[in-house]
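Colleague: I am new to this one. Can you show me how to read it, feature by feature?

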Amino acid sequence: MIDVRLAATRLLASLISQQGSINSLLPEVMKTVKPKDTALLQQLVYGTSREYWRLDALARQLLKKPFQAKDIDLQACLLLGLYQLREMRIPPHAVIHETVELTKLLNKDWAKGLINAVLRRYQREAITLDQQLSQSSDIYHWNHPEWMITKLQHNWPDHWQSILIQNDIKAPLTLRVNKRLLSASEYLALLDEEGISAGLSELSQHAVVLAEPLDVKDLPGFDIGEVSVQDEVAQLSVPILAPQAGDRILDACAAPGGKLCHLLEEIGGQSTQVDAIELSPHRITRINENLARLKLDTYCQVLCGDATSSEWWDGNCYDRILIDAPCSGSGVIRRNPDIKILRQNEDILKLASTQLSILENLWKMLAPGGTLVYATCSIFPQENERIIERFCKLHTDALHQPINLSAGYSRPYGIQFFPKFNSHDGFFYAKLVKLDASGSSNA
Ligand SMILES: C[S@@+](CC[C@H](N)C(=O)[O-])C[C@H]1O[C@@H](n2cnc3c(N)ncnc32)[C@H](O)[C@@H]1O
């Protein structure tokens with residue numbers, strides 16, 4: 001077992017040096033600390049990532065010169081110390097003592113005096129520093145990387161401020177109730193019996209939004225597949241795809257299987273054929289675990305395949321295709337705050353190119369009259385409406401169908417959602433129908 005602050009420091013150092021994400025690293029790191037410390041580890045890692053840009057700006061102000069790349073662990077150690085001083089109810093002398101002791105555990109005793117002096121200076125000058133930085137630094141004020149602030153200001157002149165604010169507020173835990181077993185109201189009654197406070201969703205008929213986050217193993221019926229964790233807006237993929245009995249359906253980019261399982265809860269077994277493809281073999285394990293828990297594994301075929309190629313395809317066209325494309329995740333920063341550390345502006349162009357390739361490739365596999373739904377959890381138009389606009393201009397057989405909902409922002413191509421307080425994530429959907437040779441959609 002290792003010291004919980006040391007574990008958090010190492011993990012944060014990996015994030016800063018772009019070596020993995022919280023999702024990929026935390027599960028293993030959790031096993032290395034005492035069970036009583038796992039909640040603290042999570043709070044330190046998520047909290048420091050959420051506050052990263054503010055803490056980093058403060059550290060730059062407090063240090064005479066930044067740490068060298070080989071001392072990124074000391075940078076992480078300092079940010080964790082600042083986070084605890086600012087955001088946690090731990091006596092400041094204890095925070096400073098623990099953080100200074102960490103330098104020994106990192107085998108960098110030489111930095112003891114430096115860390116001690118910087119944290120003590122922060123304690124003395126916190127109010128002045130906060131005032132100075134709030135006025136002089138957009139990065140500090142908005143707590144996001146500069147490129148993201150600029151991009152959002154440019155993309156969404158009327159929404160950028162609220163997006164940045166919502167990104168830093170924790171998202172609610174939202175569940176999808178398995179309609180094969182019970183309704184959302186029935187599950188709400190079960191939660192009520194257990195003293196768990198929750199409400200129904202205005203967006204999705206199967207969604208239940210919990211008042212407080214909870215470990216899934218403490219949710220009634222989770223083990224037997226009565227519920228799954230899924231945001232409200234992600235639960236719109238199935239009603240928008242509108243699958244019919246007898247359809248041949250493809251769920252492309254399927255892991256961990258949230259939308260696939262929802263689809264199968266809706267129509268699994270109704271003489272449909274559902275194929276799911278996923279590029280990452282490791283992530284296919286997650287699909288299979290979810291299918292098994294929900295007892296849906298007999299209703300679909302899961303293939304390891306690349307959505308930009310046809311190698312895995314048997315040549316039979318699909319009636320419905322769902323593309324939940326790999327994206328920046330800029331709509332789900334409040335759930336994955338490390339996106340603010342890991343994502344770079346250059347990534348967006350590369351992602352857009354992959355997204356267009358996936359769409360181009362899968363369009364060939366859609367039957368005339370068939371429906372394709374393109375989705376991302378991004379709020380950047382480059383990954384969303386501009387992809388669809390470009391695609392429609394290149395393909396005369398692609399008919400864009402507006403999605404009319406009481407929520408979200410209808411765009412010339414698709415519908416955009418922004419993260420909303422105590423409600424849904426940021427998300428994008430567009431719906432295309434393939435015209436047949438006569439130019440008819442049959443839709
Ligand atoms: C947004 S996630 C999908 C989430 C999933 N649909 C759900 O609801 O749980 C995107 C997925 O696409 C996969 N992926 C990335 N590139 C791909 C490609 N070229 N072909 C197939 N899958 C890909 C990623 O590994 C990731 O699992």
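Modeller: Start with the labels. Helices and strands are DSSP runs, numbered from the N terminus. Keep in mind that this is a predicted model.

Colleague: Where does proline 256 lie?

Modeller: Proline 256 sits in the loop between strand E5 (248-252) and helix H13 (258-267). The peptide bond that joins alanine 255 to proline 256 is cis, with omega about 5°.

Colleague: How do I read two packed helices?

Modeller: Two packed helices are described by the angle between their axes and the distance between the axes. Here, take helix H4 (residues 52-62) and helix H5 (residues 72-87): their axes come within 10 Å and cross at roughly 110°. That makes H4 roughly perpendicular to H5.

Colleague: Which residues make the contact?

Modeller: H4 brings Leu55, Asp56, Leu58 and Ala59. H5 brings Gln75, Leu78, Leu79, Leu82 and Tyr83. By class, the contact has seven nonpolar, one polar and one charged residues.

Colleague: What about the cores? Which residues have the most contacts inside the largest nonpolar core?

Modeller: A nonpolar core is a set of buried residues joined through C-beta atoms within 7 Å. The largest has 82 residues, and those with the most contacts inside it are Ala252, Ile321, Ile323, Leu362 and Tyr374. Helix H16 (residues 345-363) gives the most to this core, with six residues. Domain 2 (174-229) and domain 3 (233-434) both contribute residues, so this core lies between them. A second, separate core has 36 residues, including Leu11, Val29, Tyr83 and Tyr122.

Colleague: What does isoleucine 321 touch?

Modeller: Leaving out residues up to four places away in sequence, isoleucine 321 touches Leu250, Ala252, Leu362, Met365, Leu366 and Leu372.

Colleague: Is valine 238 buried or exposed?

Modeller: Count C-beta neighbours; 20 or more within 10 Å means buried. Valine 238 has 22 inside 10 Å, so valine 238 counts as buried. Its place is in helix H12 (residues 237-241). Beyond its neighbours within four places in sequence, valine 238 is in contact with His262, Leu263 and Glu266.

Colleague: And which phi value does asparagine 107 have?

Modeller: Asparagine 107 has a positive phi of about 60°, although it is not a glycine. Asparagine 107 is in the loop between helix H6 (92-105) and helix H7 (112-136). With 8 other C-beta atoms within 10 Å, asparagine 107 is exposed.

Colleague: Where is asparagine 422?

Modeller: Asparagine 422 is in the loop between strand E12 (415-417) and strand E13 (427-434). Its phi is positive, about 55°, although asparagine 422 is not a glycine. Asparagine 422 counts as exposed, with 12 C-beta neighbours inside 10 Å.

How values were computed
Residues numbered from 1 in each chain as written. Predicted model: local features only at pLDDT ≥ 70, side-chain atom pairs only at ≥ 80, totals over all residues. Axes fitted to C-alpha atoms, helices over the stretch in contact; angles between N-to-C directions. Helix = DSSP H or I, 4+ residues; strand = E, 2+ residues; numbered from the N terminus. Parallel < 35°, antiparallel > 145°, perpendicular 65-115°, else oblique. Contact = placed C-beta atoms within 7 Å. Nonpolar A, V, L, I, M, F, W, Y, C, P; charged D, E, K, R; others polar. Domains from an automatic or database assignment.
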